Amino acid sequence: MRAIFVQIKCELGKAYTVAREAADRIPEMSELYSTSGEYDLLGKFYLEADQDVGLFVTEQVQTLPSVRETYTLITFNAFGGGATKAD
C-alpha cells in the first residue's frame, strides 16, 4: 500500500457535504481534514501498489458532488516521529 494526499477545493459552503460523501463512498480514504487556505479539504488515501493514481483521483475524488478542483501529492517514504509532549 502507498499513501497519496489529495487537496480538494469545493464549491462555496459545500466542504462538509463533500467530506461526508467522501467518507461514505471512498474505502481507500484513511483521513480527511478541513483546512484553511486555497483548498478546503486534505485527504489521505491508501492505494494498492499497482493501482493507477490518476484514474483513482479522477474517478473517485473528482466525481464527488461539489468538488471543483484537486491537487494530488504522491508520497515516497514515511518517517517515524517519536515526538513527545512537552511539559
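Lys9 lies over the face of Tyr39, at 5.3 Å from the ring centre; a charge counts as over a ring if NZ of Lys or CZ of Arg is within 6 Å of the ring centre and within 35 degrees of the ring normal. The model is predicted, so local features need pLDDT of at least 70 and side-chain atom pairs pLDDT 80 or more, while totals for chains, interfaces and linings use all residues. Residues are numbered from 1 along each chain as its sequence is written, and side-chain values use heavy atoms, without hydrogens or water.

Tyr39 sits in the loop between strand 2 (29–34) and strand 3 (41–47), and Tyr71 in strand 4 (residues 67–74), 32 residues apart. Helices (H or I, at least four residues) and strands (E, at least two) are DSSP runs, numbered from the N terminus.

Tyr39 is buried, at 10% relative accessible area, whereas Tyr71 is partly exposed, at 43%. Buried means under 20%, exposed over 50%, and partly exposed in between (1.4 Å probe, protein chains only).

Gln7, in strand 1 (residues 2–10), is partly exposed at 25%. Beyond its neighbours within four places in sequence, Gln7 has contacts that include Tyr39 and Tyr71, where contact means heavy atoms within 4.5 Å.
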